[in-house]
Every structure is written in C-alpha cells, then in structure tokens.
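Good morning, colleagues. Please look at the sequence and the structure on the screen while I go through a few of the details.

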Amino acid sequence: MARLQVLVNWLDQLCEVHTEDVTTTSAGLLLFRRTDDGVEMLLGHMGGPFWSRKDTHAWSIPKGLYTDEEPLAAAEREFAEEMGSPAPTGPTVPLGSVRQSGGKTVTVFAREGDFDAETIRSNEFELEWPRGSGRMQSFPEIDRAGWFSPGEAVEKLVKAQSAFLDRLREHLADG
C-alpha cells in the first residue's frame, strides 16, 4: 500500500498543472469610422452552430490567440484571417487588456478606417456536429460583420469586451 501511495504521489507531481501560470492571450483590432450620424464600430458575428441563432451578445471584436508575436501584429493577423483581407492602415490606439471570466486575457487596439463588411471571407474551424455524430464540419470563425453605433455595439458585443467600447469612446472624447 505504501508503494502505491508513493507511486500516486509521484504521478501527481509529474502531471501537476499550474493553471494559474497558464495564460491564454488573445489580441484584436477594433475598427471604427466616423459618419454623419456619429461613430460606428466594426464587429463580427461569431460563427458555428452555438451562435447561429443568437444575436444579442453574440458579436466580437475580430481577435484571436497568439503566443510568440507582438500583440499588435497578432491583432492585425487575426483581423485579416477573420475578415478575409487586411485592416486599413493608420494610427493605432491601444485600448489595453481585459481578463475575461474564462481566464483569457484579451488585448485590443483601435484604428480608424473603413471596411466593406459585406465582403468578409473568414477562416474556418472544424467541429464535430451534431455533437456525438462522429461527423466533422467546417464553420467560419466569423459568419458576418457589421457596423454599429456605440449603443448598438454594447447590445451586440459579448459582455466581456464592452470595456473596449468605453475606452474607445473616452479616447475619442479626449481627442
């Protein structure tokens, strides 16, 4: 019995994972434009079967995971992957980071520019669907995009990312 306990302790130490040391990082680019009606922000509706019938809090800033890149470079790469073409060039405003409830840290930058939301061609991910069927299907990461006023964007955007809208509004009010 003592040998078994030693083995169990050894395996516990070998397999121990310090989740507090593991940080998932994501970077995104929040594009905005000025119109006669005010500022609008470009958001993407999350693809896949879970989000297909949802609209409220089912949109996201184009973003994605990164590890060995500068956050801005990752944000620009993810924008191009999720929207199908590069973001417009121009001055970039850092909006900081937010740690989401699931533990992911999201860093977002804002940039003024225009983009045709009707022409997106997002990269895809594979998912077993229907669940338990054994059949893999491809879904776009972003299935559509749109421009929204700040009030509309708050209703569309996943709640964890709404802080970035406030930070962008503060920046625009100061400038």
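This is a predicted model: local features need pLDDT of at least 70, side-chain atom pairs count only at pLDDT 80 or more; totals for chains, interfaces and linings use all residues.

Asp-114 is exposed, because its relative accessibility is 52% and exposed means over 50% relative accessible area, buried under 20% and partly exposed in between, with a 1.4 Å probe and protein chains only. Asp-114 forms a salt bridge with Arg-33, and the closest N and O atoms are 2.8 Å apart. The pair links distant parts of the chain, with Asp-114 in the loop between S6 and S7 and Arg-33 in strand S1, 81 residues apart. Strands here are DSSP runs of E with at least two residues, helices are runs of H or I with at least four, and both are numbered from the N terminus. Arg-33 is partly exposed, with a relative accessible area of 21%.

Residues are numbered from 1 along each chain as its sequence is written, and side-chain values use heavy atoms, with hydrogens and water left out.

How many salt bridges does the count come to? The count is eleven, where a salt bridge is a side-chain nitrogen of Lys or Arg within 4 Å of a carboxyl oxygen of Asp or Glu. In one of them the side chains of Glu-76 and Arg-111 meet, at 2.6 Å from N to O. This pair also links distant parts of the chain: Glu-76 is in helix H2 (residues 71-83) and Arg-111 is in strand S6, 35 residues apart. Glu-76 is partly exposed at 32% relative accessible area, whereas Arg-111 is buried at 4%.

Another salt bridge joins Asp-143 and Arg-144, with the closest N and O atoms 3.4 Å apart. Through shared partners, salt bridges join Asp-55, Asp-143, Arg-144 and Lys-156 into one network. Asp-143 counts as partly exposed at 32% relative accessibility, and Arg-144 counts as partly exposed at 34%.

Let us now consider the chain as a whole. The chain contains four helices and nine strands, and along the sequence they follow the pattern α-β-β-β-β-α-β-β-β-β-β-α-α. Of its 175 residues, 39% are buried. Among contacts with a separation of 6 or more, 65% are between residues 24 or more positions apart, a contact meaning heavy atoms within 4.5 Å.

The largest nonpolar core has 21 residues, of which Leu-30, Met-41, Leu-43, Leu-95 and Leu-168 touch the most other members. Such a core is a set of buried Ala, Val, Leu, Ile, Met, Phe, Trp, Tyr and Cys residues joined through side-chain atoms within 4.5 Å. Helix H4 gives the most to this core, with four residues. A second, separate core of 17 residues includes Leu-31, Ala-117, Ile-120 and Ala-145.

Beyond residues up to four places away in sequence, the contacts of Leu-43 include Leu-30, Trp-59, Ala-145 and Phe-148. The C-alpha atoms of Leu-43 and Trp-147 are separated by 6.5 Å, although these residues are 104 apart along the chain.

There are also four aromatic pairs, counted when rings of Phe, Tyr and Trp (its six-membered ring) have centres within 6.5 Å; planes under 30 degrees apart are stacked, over 60 edge-to-face and the rest tilted. Phe-50 and Trp-51 form an edge-to-face pair, at 4.8 Å centre to centre and 90 degrees between the planes. Phe-50 is exposed at 54%, while Trp-51 is partly exposed at 21%. Trp-59 and Phe-148 are likewise edge-to-face, because their ring centres are 5.0 Å apart and their planes are at 80 degrees. Trp-59 lies in strand S3 (residues 59-60) and Phe-148 in strand S9 (residues 142-148), so this pair ties together parts that are 89 residues apart in sequence. Trp-59 is buried at 4%, and Phe-148 is buried at 10%.

Finally, two backbone details. A cis peptide bond joins Trp-129 and Pro-130, with omega about -10 degrees, and Pro-130 lies in the loop between strand S7 (124-128) and strand S8 (136-140). His-57, a residue other than glycine, has a positive phi near 55 degrees and lies in the loop between S2 and S3.
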